[in-house]
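Here is a short tour to read alongside the coordinates.

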Amino acid sequence: MVLVFLQKQIAMLDVQKIRQDFPILSRQVNGKPLVYFDNAATSQTPQVVIDAIVDYYSNYNANIHRGVHTLSQEATDAYEIARKKVQKHFNAKHAHEIILTSGTTHSINIVATGFSNLLSKGDEIIVSALEHHSNIVPWQMLCERTGAVLKVIPMNEEGELVMDAYNQLITDKTKLVFTNHISNALGTINPIEEIIKKAHDVGAAVLIDGAQSCPHIKPDVLALDVDFYVASAHKLCGPTGVGLLYGKEEWLNKLPPYQGGGEMIDQVTFEKTTYAGLPHKFEAGTPNICGGIAFGVALDYMNSIGFENIAAYEEELLHYGTQKLLEIQGLKIYGTSKNKTSVISFNLENIHPYDVGSIVDKLGIAVRTGHHCAQPIMDFYKIPGTIRASFSFYNTKEEIDALVEAIKKAQIMLS
Amino acid sequence: MTIQEIQEEIVDEFGMFEDWMQRYEYMIELGKSLPLIEEKYKTENNIIKGCQSKVWVHAEMKDDKVEFTADSDAIITKGIIAILIRVFSGQHPSAIINADTDFIDEIGLKEHLSPTRANGLVSMIKQLKMYAIAYQTQLN
């Protein structure tokens with residue numbers, strides 16, 4: 001039954017047609033057709049998004065929220081339409097609960113800095129062992145400022161969070177819980193519904209880092225009842241330098257502004273300044289206007305393909321890739337949870353991942369090597385890093401075959 | 001041989017190769033001839049920063065010449081460091097300090113290696129020269 005459903009979904013995604021939407025996919029690297037498998041780092045950009053960027057700078061480039069002239073009005077309208085698109089996509093209750101930021105890291109820092117005034121010595125913050133450094137370091141800094149204590153949900157050999165341990169860690173001292181929705185290094189999908197519910201039972205707030213999940217699934221922040229959800233446009237076929245912070249209205253009202261500047265004020269005198277309401281309170285200075293508008297177009301594009309289609313097709317690529325790679329002798333995959341997205345992190349026995357990455361690059365294949373900004377995970381497995389191939393809906397099984405051949409070639413050269 | 005002569009010799013060797021695969025295979029071979037660092041010197045202090053893989057380098061002065069030994073956990077990196085050590089090891093500190101390293105471009109190393117690795121290469125050269133500067137100070 002499941003198979004029938006999958007086949008039906010796959011039939012609805014015409015990958016060859018989709019590939020034509022991405023100009024970069026037809027280029028060559030080192031004389032070979034580009035095989036782009038570094039999608040977990042950044043996705044490629046479809047022509048409609050590139051066109052939106054060109055259109056903005058060609059026709060209505062202006063500063064927003066302040067000018068009465070036509071260009072400023074047009075740019076403001078387009079920017080606010082984009083915010084509504086983001087709201088609708090993530091199913092937020094209000095558009096002003098969507099703060100447009102420079103990306104996931106910026107979003108996390110707004111929350112982490114804001115909580116400085118809300119925590120006291122001895123309060124506890126829980127993070128997961130699967131975090132990206134950007135979701136570890138801001139909380140460590142917050143703990144240093146407030147005297148709060150950082151606790152870590154451990155992981156198991158499969159690369160999953162140990163939920164029994166989480167249940168032990170959650171107490172009435174817990175004030176905040178932070179975890180990613182999907183691990184960038186391993187692809188594990190974390191049980192965030194359960195994490196959120198348990199945290200709320202003790203009155204703790206939850207921030208979910210959706211940087212890796214948004215390219216694959218459409219999160220519903222209302223249904224999740226999550227307090228903060230953050231993501232970056234550039235993983236979602238959008239431009240770099242723009243992202244979102246979703247926060248429940250009551251939480252965003254509690255947090256102080258992150259930066260001072262234009263746009264975030266209501267009244268300014270040298271004696272006292274009052275701040276603007278949401279979302280402008282957190283959007284000091286001229287934002288990435290073009291980026292925000294293009295982010296909206298990228299969401300439209302991905303929704304036109306359909307996230308169910310994307311998820312079904314990527315699952316197919318994941319199974320195919322896993323099966324083919326495991327046929328290579330001495331290849332070990334890290335992150336073997338049943339709940340994972342199209343990310344395969346692996347190593348060849350006795351060969352440094354960086355050597356493999358260098359060779360496969362020569363063959364036109366882009367993979368990530370290293371610790372993937374998740375050193376604690378590498379320490380857990382006692383490895384210097386991995387080779388990570390991450391697939392997107394515009395990749396093909398033929399490209400996976402090319403990767404497998406390249407890995408075999410690297411193995412021969414490096415053994 | 002002087003540093004200049006050794007560099008020319010390496011440029012000639014690499015000039016024989018027609019494609020990147022042969023260059024890489026040769027580099028991997030060279031890595032195997034690297035004068036290995038003693039285990040006791042494989043300390044955090046001797047790790048070169050700026051490389052994605054680990055590189056350890058140790059230097060000693062013998063008869064006014066600097067002798068380098070090294071190791072890496074990545075085989076291609078080992079090849080690169082082997083080339084550098086072949087150029088610099090056994091030379092007077094002042095010669096190492098004053099040596100230019102344009103030969104790296106000529107043998108296509110910088111051009112053919114990824115940016116992060118090339119940065120590692122820069123760090124390696126800097127570290128070898130730092131040792132030479134330290135020993136030069138002793139001689140003065």
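Predicted model: local features only at pLDDT ≥ 70, side-chain atom pairs only at ≥ 80, totals over all residues.

In which hand of crossing, left-handed or right-handed, does H12(A) pass H15(A)? The crossing is right-handed.

**Helix pair H12 and H15**
- Helix H12 (residues 307-326) and helix H15 (residues 397-414) of chain A have axes 10 Å apart and pack at an angle of about 25°.
- Angles under 35 degrees count as roughly parallel, and H12(A) and H15(A) are therefore roughly parallel to each other.
- From H12(A), the contact draws on A:Leu317, A:Tyr320, A:Gly321, A:Lys324 and A:Leu325, while H15(A) supplies A:Lys397, A:Ile400 and A:Val404.

- Chain A has an open sheet of seven strands with mixed pairing, in the order E4-E10-E9-E8-E7-E5-E6.
- Strands E4 (98-101) and E6 (149-153) of chain A are at the edges with a single partner strand each, so one side of each lacks a neighbour in the sheet.
- From one strand to the next, the twist averages 20°.
- Within chain A, E9 (residues 228-232) and E10 (residues 243-247) pair in the antiparallel sense over five bridges, and A:Tyr229 stands opposite A:Tyr246 in E10(A).
- Helix H8 (residues 192-201) of chain A lies across strands E7 (174-180) and E8 (205-209), running at about 170° to E7(A).

**Helix H13**
- Ten of the ten residues of H13 (residues 353-362) of chain A are buried, so this helix is largely enclosed by the rest of the structure.
- Among the buried residues are A:Asp355, A:Asp361 and A:Lys362.

Methods. Residues numbered from 1 in each chain as written. Chains lettered and ligands numbered in written order. Buried ≥ 20, exposed ≤ 12 C-beta atoms within 10 Å, placed from the backbone. Helix = DSSP H or I, 4+ residues; strand = E, 2+ residues; numbered from the N terminus. Axes fitted to C-alpha atoms, helices over the stretch in contact; angles between N-to-C directions. Parallel < 35°, antiparallel > 145°, perpendicular 65-115°, else oblique. Left-handed = near helix turned anticlockwise from the far one by under 90°. Contact = placed C-beta atoms within 7 Å. Pairing = 2+ DSSP bridges.
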